[in-house]
Amino acid sequence: MKHLLQDLNEAQQLVVQETNGPVMILAGPGSGKTRVLTYRIAWLIENGVDPFRIMALTFTNKASGEMKERLTKIIGNEARNIWMGTFHGIFGRILRIEAHRLGYNSNFTIYDTDDSKSIIKQILKENSLDDKVYNPGLVFHRISGAKTSLVSPAAYNNNTEIQGEDYKAQKPLLGKIYELYWNRCRRSNAMDFDDLLFNMNLLMRDFPEVMEKYQNMFHYVLVDEYQDTCLSQYKIVKKLAEKHRNICVVGDDAQGIYAFRGARIENILNFSKDFPETKVFKLEQNYRSTQVIVDAANSIISNNESQITKTIWTDNDAGDKIKVIRNSSDAEEALSVAQDIFHTKVNQRCLNVDFAVLYRTNAQSRALEEAFRKMNIPYRIIGSVSFYKRKEIKDVMAYFRLTVNLSDEEAIVRIINAPARGIGKTTVDRIIVYAHENDLTFWDVISSIETNHKELGLSSGALKKLDDFAVMIKRFRIQMETLHAYDIAELILKDSGYLNMLKVSDELESSLRMENVEELLNGIKNFTDAAEIENPEVVPTLGDFLLEVSLLTDLDDDGVNEDRVSMMTAHSAKGLEFPYVYITGLEENLFPSIMSMNTKSELEEERRLFYVALTRAMIRVTLSYAESRFKWGKRESCEPSRFLTEIDEKLLDMPRKKEIPDWGHQTSQGFESDFESTPKLRVKSGAPAIKKPVEPPVGFKKIGNISAQSQNQSQNVEFDIQNVIPGTEVEHEKFGKGKVLQIDGSGAEKKAVVFFPAFGKKNLLLKFAKLKIVG
DNA sequence: GCTTTGTTCCTTTTT
DNA sequence: GGAACAAAGC
């Protein structure tokens, strides 16, 4: 047992061993918070606590994944028996068991933000409400806010204060929309993210026997990032721990960055009121960062009025001053960062994984990516545009969702005509209206279409098509009973004709979509394999997969162990650490964001976010800002961020003019490549014919054109990407050898148009990463 | 009914 | 730079 504590210092040891009764740990950045939590759990188990009796809640999958991994290293396979996961994941699991009590069935769908917004849009349309007044995003935010504060539609509409606010804002019908949305979700047997928390509260409030069951089940409750809990999370946790009172929360008010989604930092302050016998521990020593970084972080946060006084200090060396880089444009900024990393790598002999580039908004990643490709530095983007937001993935998931949960109207409408089955908008609309008027679900109507079609006034052709569709889904349902997740998924994709639709399409995009669908299938395969190893007795179902995947924001990147620079938003960086950190886009209105400067507390949250970003670094922080930046295709000039002046001047290596880099030459638009550039290629639709058609290399055949949205989106061809130029011979794992005709696209996935003689049929737009250069 | 073409309006951060 | 919508064309 001794060996466990050996890895910890004295303060940490004390915390780990204090296992009985409520404990609050105020842990500054770099104080070994995750370590303490992990070892505390390990300690419990080593002392005979059953892992099934421990619940450990985190905010992100990343955090829980990391903790699980560390725990497995310390205590072995028992780690997987702990109820460890995100709030949403764990509560989703419980709700699946208890769904019937709340009028759901256990295969409920989890709606993501896009699903929610599209339902709100439909509601607005059906009630002919102006979507300018009732902006769907805003409506959703309002509903979400109500739910995280545990205000039901009924309570919302009966609360004169809320009604007054809405009335004042000239949006008196918000409550009505909330109610309609609420009912729509219930009818579809679906919960959105906030419902997972809300319904968990309902369960605990209205079913004392259920509450007791889980209170008895969990002897130990641990919560990470406690400052980010919202009211509904806080109430659940409080109730769960009420009986055994072995609750341990870890938090840092200075790192609270989620007030926008309902987090209440007060929860930290109130903890001792709820549990008067609480023992409070403070971990203030920072083992991560240099003196300079710690001082800078402290000097930033001291600008905030509201904070619990806590001094972070460190024994570490002073370290380098914080370098500030001034740039003329976003493109130049990206190149400066890439170059700086390049030089640091050479001088300090470190790896790509030692670097992180942070930014305020995801949109900023684009320029960085371009620069990194130019400089040949491998990178990984964490949490960018989600894999699961792609059209083809959403389509495929809709098939799965519908098969598992027939009530899911969103899903049915999405795929009833994908691939085209001759079931058009008019028919679909008619069914929706009919269903809602008769209090039926969409599925109710089409599954017994023979009895309904007269009132619907459908043609016999439409009737047949709808019936065919319903029969197909019914067949999937039957087959689902006997097949495990991967097999049924594959079967659905084939039999629905979706895969074939992609296969026969000659759009370049389709082969890319195909790859994504295959990637999803691989994901299911991994899921079933892992589940079978974990518990060979139980067959992993499609429903299990859906639950897991709905709460995932990104497909688990396979490149996790590769040596790459990490790029992510400051929010995503929470909980991580890197030797070298670059914080980019330090411009007023960008960081701090202009959207977050309406009130003082919003500005203070931005400051805390900057604090989080700074304290990710171990050895060196580099800040950069640009004097101009592209916004909506237009160049706008920027002012340096106030944060730059809020840091103690002595800690800064002040801005200097950017020297001209040793390659390329400067233009008003940033840098221009030294490589030869070609005339703009026009794309097919909406544009005049390609002026100078691109001809395939000798021995290669070209069929089809690039398809894009409109002439405004014609793309530049770039040649200087990772040593590949048109003409380069490449090899694809599946299609064999080919020749690059064109490099295309910007953003996360640079694409190459490649001719594959073996494949013959068409040119392919492929994910760049999948190509190997031959010779 | 389905596909192509043209326009508008966005943009914070995440489960 | 792009998603979502609307309109026109097939």
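User: In β13, which residue is the bridge partner of A356?
Analyst: This is a predicted model, in which local features need pLDDT of at least 70, side-chain atom pairs count only at pLDDT 80 or more, and totals for chains, interfaces and linings use all residues. Residues are numbered from 1 along each chain as its sequence is written, with chains lettered from A and ligands numbered from 1 in the order in which they are written. Strands β10 (residues 355-359) and β13 run parallel and are joined by four bridges; two strands pair if DSSP finds at least two bridges between them. Within β13, the partner of A356 is V581.

User: Which residue of β14 stands opposite I583?
Analyst: Strand β14 (residues 617-626) runs parallel to β13, with five bridges between them. Strands are DSSP runs of E, at least two residues long, and helices are runs of H or I of at least four, numbered from the N terminus. The residue opposite I583 is L623.

User: How many of the six residues of β13 are buried?
Analyst: A residue is buried if 20 or more other C-beta atoms lie within 10 Å of its own, exposed if 12 or fewer, and partly exposed in between, with C-beta atoms placed from the backbone. Strand β13 covers residues 578-583 and is mostly covered. The number of its residues that are buried is five.

User: What is the handedness of the β-α-β unit of β13, helix α28 and β14?
Analyst: Helix α28 spans residues 600-614. A crossover is right-handed if, with the strands pointing away from the viewer, the path from the first strand over the helix to the second runs clockwise. This unit is right-handed.
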